Amino acid sequence: MSIHASSSHADSNQKSARKVTGFDKTKLVIGLTGGIGSGKSAATNWFAKQGIDIIDADVIAHEVVAKGSPTLRKVQKKFGDWAINSEGQMDRAAVRAHVFANPEALIELETITHPAIREAAKAQLNASTSAYAVLSAPLLIEAAEAGLANLCQRILVIDATEDTQLARASQRDGQSVAKIKAIMVNQLDRGERTRHADDVVLNDADLETLYQHLEPLHQDYLTLAQQLKFAVD
């Protein structure tokens with residue numbers, strides 16, 4: 001396992017932060033992403049145990065279309081009553097199948113949901129009280145996940161080989177290899193994802209090894225958070 005910074009303006013010993021606008025400029029936000037089966041959840045769980053606030057885009061994406069929410073009403077108006085199940089919640093299976101078969105429908109859905117996701121993420125980041133915050137988003141880079149990448153000063157990619165991704169995802173979710181590969185096709189390939197990263201952790205070993213490589217990053221982020229706070233003050 002190795003850690004390296006892939007951007008031209010940073011290295012593993014001296015890190016810098018991008019300028020971010022739109023909310024508290026003194027808060028360091030680390031965008032965490034990675035492909036299916038890469039170990040994103042294991043990494044975010046470790047950061048949480050260090051007392052770092054985790055803003056999870058997947059959780060937010062579910063919350064913004066909760067029963068009775070303004071965003072869900074917009075989805076219903078756009079796609080029709082079939083998008084809502086008998087309990088008044090979004091019929092995720094039906095909507096997922098619809099947008100998978102109709103790419104233009106996916107764009108329409110994202111036009112509705114992404115602004116709501118971004119605003120909810122900004123609110124949670126503003127409410128964060130930890131030294132820095134981790135914004136976890138599976139599609140942080142691919143679809144700009146509601147523009148969430150623009151809220152991050154640094155991007156950390158949890159990386160894994162495709163064989164490792166397939167093995168982990170199939171064991172964890174019980175999905176077929178074909179289905180997992182179909183999901184991977186809709187995500188950036190490893191080279192392109194890491195090209196956008198400031199920090200990369202290759203997570204092909206066990207959890208203890210992952211944690212050992214996250215620790216120095218955590219210390220770097222604590223230092224960078226202090227520097228950012230003093231610079232703004």
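Figure 1. Helices (H or I, at least four residues) and strands (E, at least two) are DSSP runs, numbered from the N terminus. The model is predicted: local features need pLDDT of at least 70 and side-chain atom pairs count only at pLDDT 80 or more, while totals for chains, interfaces and linings use all residues. Residues are numbered from 1 along each chain as its sequence is written, and side-chain values use heavy atoms, with hydrogens and water left out. The protein chain contains 9 helices and 6 strands. Among its 233 residues, 43% count as buried (under 20% relative accessible area; exposed is over 50% and partly exposed in between, with a 1.4 Å probe and protein chains only). Considering contacts (heavy atoms within 4.5 Å) in the protein chain with a separation of 6 or more, 78% join residues 24 or more positions apart.

**Figure 2. The two sides of helix 3, residues 70-79, and its end.** Thr 71, Leu 72, Val 75 and Phe 79 are the buried residues of helix 3. These residues span an arc of only 100° around the axis (taken from the directions from the helix axis to the C-beta atoms), and therefore lie on the same side of helix 3. Lys 74 and Lys 77 are exposed on the other side of helix 3. The packing partners of the buried residues of helix 3 are helix 4 (92-101) and helix 5 (103-127). Just after helix 3 comes Gly 80, which takes a positive phi of about 115°.

Figure 3. When neighbours within four places in sequence are left aside, Leu 109 is in contact with Val 75, Phe 79, Val 95 and Val 99. From C-alpha to C-alpha, Leu 109 and Phe 79 are 8.8 Å apart in space, although 30 residues apart in sequence.

**Figure 4. A cluster of aromatic rings formed by Trp 46, Phe 47, Tyr 132 and Tyr 221.** Rings of Phe, Tyr and Trp (its six-membered ring) pair if their centres lie within 6.5 Å; planes under 30 degrees apart count as stacked, over 60 as edge-to-face and the rest as tilted. This rule gives a count of 4 aromatic pairs. For Trp 46 and Phe 47, the ring centres are 5.3 Å apart and the planes stand at 80°, so this pair is edge-to-face. Both members are buried: Trp 46 has a relative accessibility of 8%, and Phe 47 has one of 0%. The rings of Tyr 132 and Tyr 221 also make an edge-to-face pair, because their planes stand at 75° with the centres 5.5 Å apart. This second pair links distant parts of the chain, with Tyr 132 in strand 4 (residues 132-136) and Tyr 221 in helix 9 (residues 207-232), 89 residues apart. Tyr 132 and Tyr 221 are both buried. Ring pairs join these four residues, Trp 46, Phe 47, Tyr 132 and Tyr 221, into a cluster.

**Figure 5. Helix 1 and the glycine that follows it.** Lys 40, Ala 42, Ala 43, Thr 44, Trp 46 and Phe 47 are the buried residues of helix 1. Gly 51 follows helix 1 and has a positive phi, near 90°. Gly 51 sits in the loop between helix 1 and strand 3 (53-56), where it is partly exposed, with a relative accessible area of 46%. Thr 129 is 78 residues from Gly 51 in sequence, and the C-alpha atoms of the two residues are 9.7 Å apart in space.

**Figure 6. Two buried polar residues, Arg 193 and Asn 203.** Arg 193 is placed in helix 8 (residues 190-195) and counts as buried at 2% relative accessibility. Apart from its neighbours within four places in sequence, Arg 193 is in contact with Gly 34, Gly 35, Ile 141, Glu 142, Val 157, Gln 187 and Leu 188. Asn 203 occupies the loop between strand 6 (199-202) and helix 9. Its relative accessible area is 3%, so Asn 203 is buried.
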